[in-house]
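Student: Hi, could you walk me through this model and its ligands? I'll ask as we go.

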Amino acid sequence: MLIDNHNRVINYLRLAVTDRCNLRCNYCMPAEGIDFAKRDNLFTMEELCELSSILVSQGIDKIRLTGGEPFVRKDLMTLFRHLSTLEGLKDISVTTNATIIGPYIDELKSLGIKDINVSLDAINKEVFERITRRKQYDIVYENLIRLITEGFNVRVNFIVLDGQNVEEILPVLELTKYYDVSVRFLEEMPFNGGSKNFNTIKWDYKTIYEYIAGHFPEIEKLKSHKTSTSINYKIKGHKGTFGLIPSFSRTFCGNCNRLRISATGDVITCLYGKPRMNIRDIMRGENSEEEVKSHIIAAVGSRSKTGFEEQQQYKGVFNNSMTSIGG
Ligand code: SAM
Ligand code: SF4
């Protein structure tokens, strides 16, 4: 079992399989993209499979594949197939922009992968395409509805962006009226590849809640797991639920159970911090599996208690992009 220096069990791995993406969401990266990693520096499929096996043997029982856009990796299904054979791995999920997932939906279903997070920051096509800087709305919406109606456990991630999509909050919430889906509103974080810097946000989780409550007086608060990052609610009469994720306010850090590994092997013990070490280099060296394990244990053993503590290293300026970190 992986236990950090604050006595928290670390059982959840967010594994980025690529830093590439076919969209250019303006809150995630600049229009021209970021300085993407050289292909050789990305994990190979064999390495991704090996690393996940090692981490599951260490007590990781939940893995979310992320990126970049995970499905831009043509060999992604190999990893899903491998993960589905790992004993002890209870929960396999993916976060996707849903542009190119279509051809893989049947196999995901047959592998028993049920939990899919879809990023969708507008119901209005024009707003969506302005934010993502690409014309992909129709296919995203089609895939989203297909995933929901085919019985996947879908969570829609919506970043509330001041001046860009606030008027989309209620339309996206409408999805919960008709479908058993969870729509989660996230605070914007300053990880956009350095194109924009900020120290405060207007649309924090309390403001988002007040805005929604102003339109729906009958909201019930739901019970959430202690490691959950979202505060969850149900609007009376709606089939689905909604959640608020204080990703900028960071009210959930105390119970953090996550480890992040980037597509180039950086081991990230906190979103708001710098990588602890590079595990790809260790795997590519002469080191044994035992050494990989001991480096992971050391990284987990040096975590900050909260993102605010971790952030001190940055002196307030972030220039990395979520496409490298994985969200
Ligand atoms: N490409 C996939 C997608 O968009 O779902 C997976 C990778 S993306 C980096 C993972 C998550 O990070 C998405 O839900 C995205 O909305 C979120 N994200 C990206 N940049 C963000 C930012 N600056 N603030 C908050 N969330 C962000
Ligand atoms: Fe791509 Fe996801 Fe970043 Fe959008 S949020 S640019 S879809 S990695």
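Tutor: Happy to! Around ligand 2 sit Cys-21, Leu-23, Cys-25, Tyr-27, Cys-28, Met-29, Gly-68, Asn-97 and Thr-323, where a residue counts if one of its heavy atoms lies within 4 Å. This is a predicted model: local features need pLDDT of at least 70, side-chain atom pairs count only at pLDDT 80 or more, and totals for chains, interfaces and linings use all residues. Residues are numbered from 1 along each chain as its sequence is written, chains are lettered from A and ligands numbered from 1 in the order in which they are written, and side-chain values use heavy atoms, with hydrogens and water left out.

Student: How does the shell around ligand 2 divide into nonpolar, polar and charged?

Tutor: Six nonpolar, three polar and no charged. Here Ala, Val, Leu, Ile, Met, Phe, Trp, Tyr, Cys and Pro count as nonpolar, Asp, Glu, Lys and Arg as charged, and the others, Gly among them, as polar.

Student: And which residues come nearest to ligand 1?

Tutor: Tyr-27, Gly-68, Ser-119, Ile-159 and Met-189, out of 19 residues around ligand 1. That shell has six nonpolar, 10 polar and three charged residues.

Student: What do the oxygen atoms of ligand 1 lie close to, say at Ser-119?

Tutor: An N or O atom in the side chain of Ser-119 is 2.6 Å from an oxygen atom of ligand 1. For the side chain of Asn-157 the distance is 3.3 Å, and a polar backbone atom of Thr-96 is 3.2 Å from a ligand 1 oxygen.

Student: How much of ligand 1 does the protein bury?

Tutor: 95% of the 540 Å² that ligand 1 exposes when taken alone, with areas from the Shrake-Rupley method and a 1.4 Å probe. Strand S3 (91-96) and strand S5 (153-160) each give two or more residues to the shell around ligand 1.

Student: Changing topic: how many helices and strands are there?

Tutor: The protein chain has 12 helices and 12 strands, taken as DSSP runs (helices H or I, at least four residues; strands E, at least two). Its radius of gyration, over C-alpha atoms, is 19 Å, close to the 20 Å that the globule rule gives for 327 residues, so the chain is as compact as a globular protein of that length. That rule is 2.2 Å times the number of residues to the power 0.38.

Student: Nice, thanks!

Notes:
A polar contact is a pair of N or O atoms within 3.5 Å; within protein, one must be able to donate a hydrogen and the other to accept it, and residues adjacent in sequence count only if both atoms are side-chain atoms.
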